[in-house]
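Please read this report alongside the sequence and the coordinates.

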Amino acid sequence: MKSICVFCGANFNGDAALKQAIEQLAEVMVSRDISLVYGGGKVGVMGLIADAVLSRGGKAIGIIPQFLMDKEVGHTGLTELHIVENMHQRKKMMSDMSDGIITLPGGVGTLEEFFEVLTWLQLGLHSSPVGLLNVNGFYDLLLKQLDFMVEQRFLKPVNRDLIITSGDAIELVNLMDNFKATPEEVWFENKDLT
């Protein structure tokens, strides 16, 4: 992977374990010459990951809608900053510019980004690995919900298995490096999961 898109929040809850995970992710990315592609903000977890990558001499590429730049939340010290019209263009450009996607702890917007790119992967619209950095079990309940969706036959196990998960940034990047996408074509022909 030459670039990783990181989805994360514009807020930071002060969690020391999350701060350490951000630093570890930045370290592994810069040491492997992997550029950061992210939402372009200077606030919250977004600002922390960008600054952590930049402080190590890495590349940080931001993509932000004009309305957020107008609110002065854009990071002006990035390697590159792309200003787009809306949130959908932002997400699409972030995905297009990346070889992998990692979701850090965040809020509703972070989950929305994660699920859209996961859906794109499930549909075969991209073949990039999609990872959850599950810091201190932040995503344990979400993963249980996904397992329940499999149990209830609304999600196929092969699609549940597309989500790469680890609480350790180095392990997560290593797992993503070995990912091979195998879209499940039968999904299009047979919508009955029984």
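Predicted model: local features only at pLDDT ≥ 70, side-chain atom pairs only at ≥ 80, totals over all residues.

Helix α1 covers residues 16-31, and its 16 residues should span 22 Å at 1.5 Å a residue, a value with which the 22 Å between its end C-alpha atoms agrees. Its buried residues are L18, A21, I22, L25, A26, V28 and M29. Viewed down the helix axis, these buried residues fall within an arc of 170°, so they line one face of α1. An α-helix has 3.6 residues a turn, so residues three or four places apart point the same way. On the other side of α1, the exposed residues are A16, Q20 and S31.

The buried residues of α1 pack against β1 (3-7), β2 (35-38), β5 (100-103) and β6 (130-133), and also against the helices α2 (44-55) and α8 (169-177). At the N-terminal end, α1 is capped by D15, which places a side-chain oxygen 3.1 Å from the backbone nitrogen of A17. Following the helix comes D33, whose phi is positive, near 55°.

## The largest nonpolar core

The largest nonpolar core has 53 residues, and those that touch the most other members are L25, L36, I49, I102, L104 and L133. Helix α1 supplies the largest share of this core, with seven residues.

I49 illustrates how these parts meet. Once residues up to four places away in sequence are set aside, I49 touches I22, L25 and A26, together with C8 and L36. Of these, I22, L25 and A26 are among the buried residues of α1.

## Two cysteines without a bond

The structure holds zero disulfides. For C5, the closest cysteine sulfur is that of C8, and the separation of 8.8 Å is too far for a bond, given that a disulfide requires two cysteine sulfur atoms within 2.5 Å.

## Helix α6 and what covers it

Helix α6 has twelve residues, which at 1.5 Å a residue should span 16 Å, and its end C-alpha atoms are 16 Å apart, in agreement with that expectation. The buried residues of α6 are L142, L143 and L146. Seen down the axis, they fall within an arc of 100°, so they line one face of the helix. L141, K144 and E151 are exposed on the other side of α6.

The elements that cover the buried residues of α6 include the helices α5 and α7 and the strands β6 and β7 (163-166). Helix α5 comprises residues 108-122 and contains Q122, which is buried because its relative accessible area is 19% and the cut-off for burial is under 20%. Q122 and L146, 24 residues apart in sequence, are separated by 14 Å from C-alpha to C-alpha.

N134 is located in the loop between β6 and α6, and at 10% relative accessibility it counts as buried. The side chain of N134 reaches the backbone nitrogen of F138 at 3.0 Å, and a polar contact of 2.8 Å joins the side chain of N134 to that of D140.

Leaving aside neighbours within four places in sequence, N134 is in contact with Y139, D140 and L143, and also with T165, S166 and G167. L143 is itself one of the buried residues of α6.

Most residues other than glycine have a negative phi. N136 lies in the loop between β6 and α6 (140-151), and at 64% relative accessibility it counts as exposed.

R153, which comes just after α6, also takes a positive phi, of about 65°. R153 belongs to the loop between α6 and α7 (157-160), and it counts as partly exposed at 46% relative accessibility.

Terms used:
Residues numbered from 1 in each chain as written. Heavy atoms only, no water. Helix = DSSP H or I, 4+ residues; strand = E, 2+ residues; numbered from the N terminus. Expected span 1.5 Å × (residues − 1). Buried < 20%, exposed > 50% of the residue type's maximum accessible area, 1.4 Å probe, protein only. Arc of directions from axis to C-beta. Contact = heavy atoms within 4.5 Å. Polar contact = N/O pair within 3.5 Å; in protein donor to acceptor, adjacent residues only side chain to side chain. Core = buried A, V, L, I, M, F, W, Y, C linked by side-chain atoms within 4.5 Å.
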